[in-house]
Amino acid sequence: MNNCAVVGINWGDEGKGRMVDLLTKDFDIVVRYQGGGNAGHTVVNEYGEFALHLLPSGIFHQGIVNILGNNVAVDPENLCKEIDLLASKGISVAPENLKISDRASLLMPWHRDLDCLEELRLRDKKYGSTKQGIAPFYSDKYQKKTIQAGELFFPERLHEHLSELCVWKNLIIDRVYGAETYTMEYLKRWCHEYLERLGPYICDTTQFLKESQEENKKILFEAQLGALRDIDFGIYPYTTSSNTLASYAPIGSGCPWIKIEETVGIVKAYSTCVGEGPFVSELFDEEAEKLRKEGKEYGAKTGRARRVGALDLVATKYGVQIQGATELALTKLDILSYLEKIPVCVKYKIDGIETDRFPFPSLLNKAEPVIEYHDGWNCDISKVRKWDGLPEQARDYVEMIEKETGCQIRYISVGPEREAYIERRRR
Ligand code: GDP
């Protein structure tokens, strides 16, 4: 494989972590290029089961360099906890296998506070934030009011910068929300603590990537969330605050000159959507409860029940298009094995007119799903490792998605474990 991005086609939680963990063996470097600790990539391998929030999913492989790129919201508190957790399970995270871009901004304690305070203020109009500080972080970044990781190495300038930010942030925390403000003493201690812990990992990752490319090293770009959460092309404002699309990967990773040759889009065999916002193919009541239970659809970060729905072909086709997916991995096909008839949303009906085109977000609330039923296979497929071993109805389901999206499904995942998948020959 050449340089490749592994991205979500839907609303996130498609199983990207699981696919990155599987594909990493063909690469030298894994880079996370956006987002922060607000989502969880679940990986099941020989070390156990892990929910990674910030660390790239290549961290379990020996000899792989993992990078947190310049557009990642580096949350020192959670990152250190994650490193410690992995260390306690025998997985070493050292400057040799983890590098943090010196241009990545730091998620400060006030970002998490402001996220919680704003959701509280919004009450029933809240966005359903994971309250990890991501939206306040990115708004500050674009206001040029964050600390870049590399600044930790320049204490004098850092303290000056920090005190300017502290005055400004305290005004908002106090006057807008009436909450407890920050002292410089606390912030200096905070910076000192995380310089001690994370300093060895922080470096010029752009230079590292340039040299790696000259040595023909292969790079895998790992996204967080999915196409429909992209801030520009997703279901705004129920998106995340960064660009989740593959075309953004080289920029957010620190190597804007690199061309991505392959984009593996991850599609879940049914739909899930966390938090608020429109979700056209949503299922309810018993039907939803059963699917949620079978699919264990509870957030890796928050534990909250995910909304579940029928596979949404309108959204999936759009996701494939905007991600520029060159091939797909279909995950959790095994979960649908209990169904005799599988619901699939093939079109939307908006104001009485059927369409297969994903609409402008304001129209999504009006959209009704047009559901068709696909024959189920009604048997356990979790041990199947070959295409021919899948029941005919399961193969039909896969081929139907391929036909609708116009993109080959190269991998079919039938279980959370690394080896539980079927690979088809590339066409
Ligand atoms: P990510 O954020 O896209 O990496 O996805 P999550 O980790 O939030 O959610 C995917 C969940 O599904 C995880 O718990 C995985 O272990 C699990 N999973 C992934 N692929 C499969 C599969 O093919 N079958 C089953 N049963 N579980 C899977």
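**Exercise 1: a charged pair**

The side chains of Glu404 and Lys317 form a salt bridge, 3.5 Å from N to O (a side-chain nitrogen of Lys or Arg within 4 Å of a carboxyl oxygen of Asp or Glu). This is a predicted model, in which local features need pLDDT of at least 70 and side-chain atom pairs pLDDT 80 or more, while totals for chains, interfaces and linings use all residues. Residues are numbered from 1 along each chain as its sequence is written, and side-chain values use heavy atoms, leaving out hydrogens and water.

Task: find where the two partners, Glu404 and Lys317, sit in the chain.

Solution. Step one: Glu404 belongs to helix H11 (residues 392-405) and Lys317 to helix H10 (residues 313-323); helices (H or I, at least four residues) are DSSP runs, numbered from the N terminus. Step two: the pair is 87 residues apart, linking distant parts of the chain. Step three: Glu404 is partly exposed, with a relative accessible area of 31%, because that class lies between buried (under 20%) and exposed (over 50%), using a 1.4 Å probe and protein chains only.

**Exercise 2: a second pair**

Task: decide whether Asp75 is buried or exposed, and do likewise for its partner Arg112.

Solution. Step one: Asp75 and Arg112 meet through their side chains in a salt bridge of 2.8 Å, N to O. Step three: Asp75 counts as buried at 2% relative accessibility, and Arg112 is buried at 18%.

Terms used:
Helices (H or I, at least four residues) and strands (E, at least two) are DSSP runs, numbered from the N terminus.
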